[in-house]
Amino acid sequence: MNDRLKFAAFGGGLVVLFGAALGIGALVGDPSGPASTASDHSRHASEAAPGLLDNESGYALGEINAPAAPNQQGTLSFRITGPQGAVTQYNTLHEQNLHLIVVRSDATQFRHVHPNLAADGTWSLDWKWAEPGNYRVFADFSPAGGPGELTLSRVVNVTGDAKLQPLPAPSKTAKVDGYEVTLTGDMSTAGSELKFTVKRDGKPVTDLQPYLGAYAHLVALRASDLAYLHVHPEGEVGKTPPGPDVAFHAQAPSAGDYRLYLDFKHGGVVRTAEFTDATGTGATTTAATESGAHTQHGGGH
């Protein structure tokens, strides 16, 4: 995966909603048929943010099946199809054949996971939703013999009374499991450096562990529509000091608010530090409603 920033794309870009049907989450829209209203919105958004589609370059993210309601243990599964049918062979991207990013419309419930691939091209993993609401699922992959790295996404509804959270105010410090992570710099439409400093109990962490081939991964979701950027840190594992600082170069596609998620590994555990960052003009936005822009766009990882 290249290190060029690509909005909504896993390899150099900075980061599904299910509807209930007979106990299974039913995907909004048919990737094999005419584009739905949501897809039309996605195509428009993709002009500024590549990766906000459920199909691209002859490849499509198929219907996603999952438990329909929160707290139901089950399986999340889907297939990716290409010009020759179901895709069964993939190129490895950052130690995995596919990266799945899932987040609710209010930018909460962020998850970065790696499903298993069956011989028939079905991806699956054990799954349980913690809360109701609209979720966007991003699949980031590179099909063997295909056009390179692709990011496809779909929007899915999980039934129930969703209590959406307001977007947290911008902050330069995030705390998680006894770790304190400080952000230096701001995202910019012109491009800028973002440096994260990791401390534990007030002491710098100098022995970060590699996670997916890097000392950290950064995903940014645009608050207005959940369009997503993903970048990887500057330097290389084994050549760059393993903390306490991890630096990224990122370029936001537009001004507005972004929710940042920094994944880092220490003590054998992957943790996620979350920030809100105002970009460009510093304009402040609020999280979209369930029926608003959050359910109209997708992105990649």
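Buried means under 20% relative accessible area, exposed means over 50%, and partly exposed lies in between (1.4 Å probe, protein chains only). By this definition A107, at 6% relative accessibility, counts as buried. The model is predicted: local features need pLDDT of at least 70, side-chain atom pairs count only at pLDDT 80 or more, and totals for chains, interfaces and linings use all residues. Residues are numbered from 1 along each chain as its sequence is written, and side-chain values use heavy atoms, with hydrogens and water left out.

**Salt bridges**

- A search of the whole structure finds 10 salt bridges, a salt bridge being a side-chain nitrogen of Lys or Arg within 4 Å of a carboxyl oxygen of Asp or Glu.
- One of them pairs D54 with R154, with 3.7 Å between the closest N and O atoms.
- D54 lies in the loop between α1 (37–46) and β3 (55–56) and R154 in strand β12 (residues 150–158), so the pair ties together parts that are 100 residues apart in sequence.
- Helices (H or I, at least four residues) and strands (E, at least two) are DSSP runs, numbered from the N terminus.
- D54 and R154 are both buried.
- D277 forms a salt bridge with K172, the closest N and O atoms being 3.8 Å apart.
- This pair links distant parts of the chain, 105 residues apart: D277 is in strand β21 (residues 269–279), and K172 is in the loop between β12 and β13 (173–176).
- D277 is buried, at 2% relative accessible area, whereas K172 is partly exposed, at 33%.
- K163 is exposed, with a relative accessible area of 57%, and D161 is exposed, with 60%.

**Backbone geometry**

- Most residues other than glycine have a negative phi, and most peptide bonds are trans.
- The peptide bond from G243 to P244 is cis, with omega near 5°.
- P244 belongs to the loop between β18 (228–231) and β19 (245–250).
- A107 is not a glycine, yet its phi is positive, at about 70°.
- The loop between β7 (98–104) and β8 (111–113) holds A107.
- D201, also a residue other than glycine, has a positive phi near 55°.
- D201 sits in the loop between β15 (192–200) and β16 (203–204), and is exposed, with a relative accessible area of 66%.
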